[in-house]
Amino acid sequence: MEVLHFVFGVFGNATALFLFLSPAITFKRIIRSKSTEQFSGIPYVMTLLNCLLSAWYGLPFVSKNNILVSTINGTGAAIESIYVLIFIIYAPKKEKAKIFGLFTFVLTVFTAVALISLFALHGNGRKLFCGLAATIFSIIMYASPLSIMRLVIKSKSAEFMPFFLSLFVFLCGTSWFIYGLLGRDAFVAVPNGFGCGLGTMQLILYFIYRNNKGSQEIKKPSGNGTSIEIGEKKPHQDKQHPNGKVPQDEQV
């Protein structure tokens, strides 16, 4: 049983690393276009908080036999920090303020949890407190792509829900769920069981809408910072006028 526990821990580290690295394609696109387009920054901020709290929970003085939890989540925290900073740089002004506010909230919550667990709690009390905090924010992390799933359903297009991100949410959630069951650790098993289910839903949506271009208008930033419409055509686009101009009552 201990061997299986270790094996799934190693597999969980591998799948989690791919999960953390899978948005690299998305951020390459963001840097190239100098725009975050319709991508949401919320999942990356919430993943950062989850990594920080989970890495803390896995430390030997908080919970035993969970060092594999700390190693991968410490790595993930560094990677997600880079993503969040890139998103803040290229996001529109309103979105930039929102993500920066969430980033500040993440650092505040982690600092509070770390200080309270270090100086006010000991033994099982420390493990319970840190485990509950990690579990709550792990579930929030896994639930954060719900807004993107709603956009996929509304637009009938999976363009803004990257396939590899959805795939590794499923693989990572499944492996850590089994790891938690084998180690009889509810603080690992419960949130990752939720992640396994949500990852399954994302994959189903992706395969339903992957070949669709979208049937509704979606505002997408253009290169000069203005917004253009993709999807449906505007009424005057199909009309021909002798002088090549759009009548005054049809101009937008």
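Colleague: Which residues lie nearest the centre of the second largest cavity, and how many residues line that cavity?

Modeller: A cavity is a space where a probe fits but cannot get out. In this predicted model, the second largest cavity is lined by 14 residues, and those nearest its centre are Leu19, Pro43, Thr47, Leu165 and Val169. Its volume is about 160 Å³.

Colleague: Which elements give two or more residues to that lining, and which helix gives the most?

Modeller: Two or more residues come from each of helix 1, helix 3, helix 6 and helix 8, and helix 3 gives the most, with three residues. Sorted by class, the lining of this second largest cavity holds 10 nonpolar, three polar and one charged residues.

Colleague: How many cavities of 30 Å³ or more does a search of the whole structure find, and what is the volume of the largest cavity?

Modeller: The search finds three cavities of 30 Å³ or more, and the largest cavity holds about 240 Å³ of space. Its lining consists of 19 residues, with Asn50, Ser54, Asn73, Trp176 and Asn192 lying nearest the centre. At least two lining residues are supplied by each of helix 1 (2-21), helix 3, helix 4 (67-90), helix 6, helix 8 (163-182) and helix 9 (186-209).

Colleague: How many nonpolar, polar and charged residues does the lining of the largest cavity have?

Modeller: There are 14 nonpolar and five polar residues in that lining, and no charged residues.

Colleague: Let us turn to open spaces. How much space lies in the largest pocket, and which residues lie nearest its centre?

Modeller: A pocket, unlike a cavity, is an open set of points with protein on both sides. Here the largest pocket contains about 360 Å³ of space, and among its 14 lining residues Gln38, Phe39, Ser40, Glu95 and Lys98 lie nearest the centre. The elements that contribute two or more residues to this lining are helix 5 (93-119) and helix 7 (146-155), and helix 7 provides the largest share, five residues. By class, the lining of the largest pocket comprises five nonpolar, four polar and five charged residues.

Colleague: Now for helix packing. At what angle do the axes of helix 3 and helix 6 cross, and why does that make the two helices roughly parallel or roughly antiparallel?

Modeller: Angles over 145 degrees count as roughly antiparallel. The axes of helix 3 (residues 42-57) and helix 6 (residues 123-143) come within 9 Å and cross at roughly 155°, which means that helix 3 is roughly antiparallel to helix 6. The crossing of helix 3 past helix 6 is left-handed.

Colleague: Which residues of helix 3 meet helix 6?

Modeller: On the helix 3 side they are Met46, Thr47, Leu49, Asn50, Leu53, Ser54, Trp56 and Tyr57, and they meet Lys127, Cys130, Gly131, Ala133, Ala134, Phe137, Ser138, Ile140 and Met141 of helix 6. The residues of this contact divide into 11 nonpolar, five polar and one charged. Asn50 and Ser54 also belong to the residues nearest the centre of the largest cavity, while Thr47 is one of those nearest the centre of the second largest cavity.

Colleague: At what angle do helix 2 and helix 4 pack, and which residues of the two helices meet?

Modeller: Angles under 35 degrees count as roughly parallel. Helix 2 (residues 24-33) packs against helix 4 at about 25°, with the axes 10 Å apart, and therefore helix 2 is roughly parallel to helix 4. Helix 2 passes helix 4 in a left-handed crossing, in which Ala24, Phe27, Ile30 and Ile31 of helix 2 meet Tyr83, Ile86, Phe87 and Tyr90 of helix 4. This contact has eight nonpolar residues, with no polar and no charged residues.

Terms used: Residues numbered from 1 in each chain as written. Predicted model: local features only at pLDDT ≥ 70, side-chain atom pairs only at ≥ 80, totals over all residues. Heavy atoms only, no water. 1 Å grid on protein atoms, 1.4 Å probe; cavity = no way out; pocket = protein on both sides within 12 Å on 5 of 7 lines; lining within 4 Å. Points joined across faces, edges and corners; volume = space filled by probe spheres on them. Helix = DSSP H or I, 4+ residues; strand = E, 2+ residues; numbered from the N terminus. Nonpolar A, V, L, I, M, F, W, Y, C, P; charged D, E, K, R; others polar. Axes fitted to C-alpha atoms, helices over the stretch in contact; angles between N-to-C directions. Parallel < 35°, antiparallel > 145°, perpendicular 65-115°, else oblique. Left-handed = near helix turned anticlockwise from the far one by under 90°. Contact = heavy atoms within 4.5 Å.
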